Amino acid sequence: MTDPAGILADLEKHWWLYASMPLIAATIGYVTKLVAVEMMFKPIDFKGRRPFLGWQGIIPRFAGRMAAIACDTLTAKLLSPQDLFDRLDPDRMVRELEEPLTLAIEKITEEVAARTQPELWSSLPAAAKRQVLRQVRHEAPRVVAEIMDQVRENVESVFDFKEMVVTSLVGEKSTLNKMFREAGHRVFRFIVRFGAPSGFAIGLIQAAAWALFREPWIMPLFGVFTG
């Protein structure tokens, strides 16, 4: 350990070295926290050579687990499947389903008719078949609306809400990233900003340790600790 006079003399002679320690440590603290937060989200797809030489963001890598956590939080604290379904506009659902239903209706009608009344359907003239199809198309919006009402009464037995959410978010990892970024932006911002003052404090301790002991291991040790 150096005597106080020697410490003061070295501090005066190498003041720039002591001043740089907390400043560099603060920079390292800020940058490492920023990189750590970004590595939670990026890259969305694995970059590098599997299995170990590369990286994929933590949230995209465990997209299924993260989506399940988000879904459980949503349904337990914010919104139930029934509440979500109640917010759907029945008229809009009818409009959205009308086009694909119309495209499939001819095939569905012919299959049902061929199974239930095969002889009758095959003997009908083409004009009569077209009339039947037109009637089915006309009734389709009303049938969709009725189905929506029935589903609304017991939505959880019809839809596996968690499976739908997880499947959708696993396929759209960028959306999953956006959800977690927006939900945790205050925490992530605090973590990044806290990196600078925490690194500065560690740098002050490093400067004091160097002044007292002058041991070569102090620099790499505090570098690892700061990181």
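Helices (H or I, at least four residues) and strands (E, at least two) are DSSP runs, numbered from the N terminus. This is a predicted model, in which local features need pLDDT of at least 70, side-chain atom pairs count only at pLDDT 80 or more, and totals for chains, interfaces and linings use all residues. Residues are numbered from 1 along each chain as its sequence is written, and side-chain values use heavy atoms, with hydrogens and water left out.

On that basis, the protein has 13 helices and two strands. Of its 227 residues, 26% are buried, where buried means under 20% relative accessible area, exposed over 50%, and partly exposed in between (1.4 Å probe, protein chains only).

Now for helix H2. Leu34 sits in this helix and is partly exposed, with a relative accessible area of 35%. Leu34 also belongs to a nonpolar patch on the surface, together with Tyr30, Val31, Val35, Met39 and Trp55. Helix H2 (residues 15-41) gives the patch its largest share, five residues.

At the other end of the numbering comes helix H13 (residues 218-226), with Ile218, Phe222 and Thr226 buried. Seen down the axis of H13, these buried residues fall within an arc of 60°, so they line one face of the helix; the arc is that of the directions from the helix axis to the C-beta atoms. Pro220 and Val224 are exposed on the face turned away from the buried side of H13.

Technical notes
Patch = residues over 30% accessible without salt bridge, like charges linked within 9 Å, V, L, I, M, F, W, Y side chains within 5 Å. Areas by Shrake-Rupley, 256 points an atom, 1.4 Å probe, with all protein chains shown as cover. Salt bridge = Lys/Arg side-chain N within 4 Å of Asp/Glu carboxyl O.
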